[in-house]
Amino acid sequence: HIGEQLFAIRSVGGPEGPDKRLLYQARANGMSSGVPADGGFLLQNDFTTNILQRIHAEDTVAGRAQAIPVGPNANGVTIPAIDETSRADGSRSGGVRGYWVGEATAPTKSKPKFTQIELKLKKVSALWYATDEQLEDSTSLGAVAEILMARELEFKVGDAFINGDGAGKPLGILNAGCLVSAAKESGQSATTVVYENIVNMWARLWARSRANAVWFINQDIEPQLFTMNLSVGTGGIPVYLPAGGASASPFGNLLGRPVIPIEYAATLGTVGDIILADMSQYVKIDKGGIKGASSIHVKFIEGEQTFRLTYRIDGQAWWSSALTPYKGSNTQSPFVALATRS
């Protein structure tokens, strides 16, 4: 298991010589079995694949994005797309237009407009130093390496898919050109979420995204949801409490779509504290899974072994801008956030 391999790597310079399983791994990777410093020993593929699977199993954001394969000799992909920003006549599909015509009358020619989405792999990495004392307990070390490293890489990728600025990392949905911001209500108090906000966000969501969208929220919003009500006359009725009230299990859906608390959502009252998102309209690429490597030299004097995990990934919304509907004045998008309430 992974703990045994980490311990074997750390002990490679000992009097008993390298573990034979490491020498086999070195030959398989084309490195010099007699000089580990030439490239170190790679963590075995089955271990790093385990970690990648754990990321996708626990993830709530990146795992929902649309995955695009990357070829073996490429570091990115270029994806053709229809450049459609409006449903008005002459703008559908970027410029295709149909006409009602009379007999023997030719329609005016039109054509679609295309654009390209370019994704290039970005690298997220985690570095870990393990002391000689930690390495003596190989079983627990394996559990620590697998769980903690996976959680950190999961966090960095998920945060980038929400908040990333695209500089050396994915472009997050809060920085996407297609993001729609639903305005707050007139006179709405700071750091609040009211039912009208929810209705307005839903109305700005692209209709075809309603079957896939989820609500990403900062957990601080939950008290706002549970106390949210619809005004009726001089009173109101709760809109998020189950039929049995507080004695029943709380709802996990809002307007039929899952409500998912995430750490990367903004603080209550600011843009990004509640997001309605259809992640099928967000594309991602990755390559080769988690790559692991180690070195006994970086922290040799301190008696520590260095382990590094690296993951190459990129992502962005494939919509360049929000969509102007055929009828109506409010733009629509697969990604809707609530404006700041301060």
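Which residue in β11 does V214 stand opposite? In this predicted model, the residue across from V214 is A277, and this pairing is a handy way into the fold.

V214 belongs to strand β6, which spans residues 214-217 and is covered on both faces. V214 and F216 lie buried on one side, while W215 and I217 are buried on the other. With strand β11 (residues 274-277), β6 runs antiparallel, and four bridges join the two. With strand β10 (residues 257-261), β6 pairs in the parallel sense over three bridges; here W215 stands opposite V259. These strands belong to an open sheet of six, with mixed pairing and the order β5-β14-β11-β6-β10-β9. At its edges are β5 (180-182) and β9 (253-254), each of which pairs on one side only. The partner of β9 is β10, to which β9 is joined by two bridges in an antiparallel arrangement, with N253 opposite P258.

The largest nonpolar core comprises 38 residues, and I162 and F216 have the most contacts inside it. At least two residues of this core come from each of β4 (122-131), α5, β6, β11, β12 (282-295), β13 (304-317) and β14 (335-338). Helix α5 gives the most, with six residues.

The C-alpha atoms of A145 and L309 are 9.9 Å apart in space, although the two residues are separated by 164 residues in sequence.

F155 and Y264 form an edge-to-face pair, with 5.3 Å from centre to centre and 70 degrees between the planes. Because F155 lies in helix α5 and Y264 in the loop between β10 and β11, this pair ties together parts that are 109 residues apart in sequence. F155 is partly exposed at 29% relative accessibility, whereas Y264 is buried at 9%. The rings of F226 and Y240 also have their centres 5.3 Å apart, but their planes are at 50 degrees, so this pair is tilted. F226 lies in helix α7 (residues 222-226) and Y240 in the loop between β8 (235-238) and β9, so parts 14 residues apart in sequence are tied together. Of these two, F226 is partly exposed, with a relative accessibility of 30%, and Y240 is buried, at 4%. One aromatic cluster is formed by W206, W318 and W319.

Among the loops, the one between β2 (76-82) and β3 (114-120) contains S86. This serine is buried, with 12% relative accessible area, and its side chain reaches the backbone nitrogen of A88 at 3.1 Å. Leaving aside neighbours within four places in sequence, S86 is in contact with S91, R92, L323 and T324.

Finally, a word on confidence. The average pLDDT of the chain is 84, and 85% of the residues score at least 70. Over residues 28-39, however, the pLDDT is below 50, and this stretch has twelve contacts in the model beyond near neighbours in sequence. Where pLDDT is low, the predicted coordinates should not be read in detail.

Methods. Residues numbered from 1 in each chain as written. Predicted model: local features only at pLDDT ≥ 70, side-chain atom pairs only at ≥ 80, totals over all residues. Heavy atoms only, no water. Buried < 20%, exposed > 50% of the residue type's maximum accessible area, 1.4 Å probe, protein only. Polar contact = N/O pair within 3.5 Å; in protein donor to acceptor, adjacent residues only side chain to side chain. Contact = heavy atoms within 4.5 Å. Pairing = 2+ DSSP bridges. pLDDT = per-residue confidence, 0-100. Core = buried A, V, L, I, M, F, W, Y, C linked by side-chain atoms within 4.5 Å. Phe/Tyr/Trp six-rings, centres within 6.5 Å; stacked < 30°, edge-to-face > 60°.
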